[in-house]
Amino acid sequence: DANDRYGKGDQEALYETFHYLRLLVDFYPKHIQKEDKRFFLPAMDYFSEKEKDAMLKEGYEFDSTLIHKEYADMVSAWEKSMKGV
């Protein structure tokens, strides 16, 4: 919302954007550490080795296509924006 307002000339929205970016920068590393160390690792004790291997494989497969989908979506959006230009 702040980015849209800034794009429309609202200079104050830039400060709001910086404020929320700072909150995100402060929050995100702590959040990831909590997920990695205090949630995901202890949760792994509830799964068998076979189940963990299957989850890892599925995660790798998902991640391997994720960036390709993102770029494909970006190209599609660009192509749509260029129609009629």
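Predicted model: local features only at pLDDT ≥ 70, side-chain atom pairs only at ≥ 80, totals over all residues.
Numbering runs from 1 along each chain as its sequence is written, and side-chain values use heavy atoms, with hydrogens and water left out.

**Surface patch**
- Why does Tyr 15 count as exposed? Its relative accessibility is 55%, and the cut-offs are under 20% for buried, over 50% for exposed and in between for partly exposed (1.4 Å probe, protein chains only).

**Largest pocket**
- The largest pocket has a volume of about 250 Å³.
- A pocket is an open set of points on a 1 Å grid over the protein atoms alone, where a 1.4 Å probe fits, with protein on both sides within 12 Å along at least five of seven lines; lining residues have an atom within 4 Å of a point.
- Its volume is the space filled by probe spheres set on the points, which are joined across faces, edges and corners.
- Around the largest pocket you'll find Phe 40, Met 44, Lys 52, Met 55, Leu 56, Gly 59, Tyr 60 and Asp 63.
- Helix H3 (residues 49-82) is the top contributor to that lining, with 6 residues.
- Sorted by class, the lining has 5 nonpolar, 1 polar and 2 charged residues; Ala, Val, Leu, Ile, Met, Phe, Trp, Tyr, Cys and Pro count as nonpolar, Asp, Glu, Lys and Arg as charged, and the others, Gly among them, as polar.

**Salt bridges**
- The count comes to 6 salt bridges, each needing a side-chain nitrogen of Lys or Arg within 4 Å of a carboxyl oxygen of Asp or Glu.
- Arg 5 pairs with Asp 10 at 3.4 Å, N to O; Arg 5 is partly exposed at 27%, and Asp 10 is partly exposed at 27%.
- Glu 16 also bridges to Arg 5, at 2.5 Å, N to O. That pair links distant parts of the chain, with Glu 16 in helix H2 and Arg 5 in helix H1 (residues 2-7), 11 residues apart.
- Glu 16 has 30% relative accessibility, so it counts as partly exposed.
- Within helix H2, Arg 22 and Asp 26 lie 4 residues apart, about one turn of the helix, and their side chains meet at 3.4 Å, N to O.
- Shared partners join Asp 1, Arg 5, Asp 10 and Glu 16 into one salt-bridge network.

**Distances across the chain**
- Asp 36 lies in helix H2 and is partly exposed at 38%.
- Is Ala 13 buried or exposed? With 0% relative accessibility, Ala 13 counts as buried, and this residue lies in helix H2.
- Ala 13 and Glu 61 are 48 residues apart in sequence, and their C-alpha atoms are 39 Å apart in space.

Note on methods:
Helix = DSSP H or I, 4+ residues; strand = E, 2+ residues; numbered from the N terminus.
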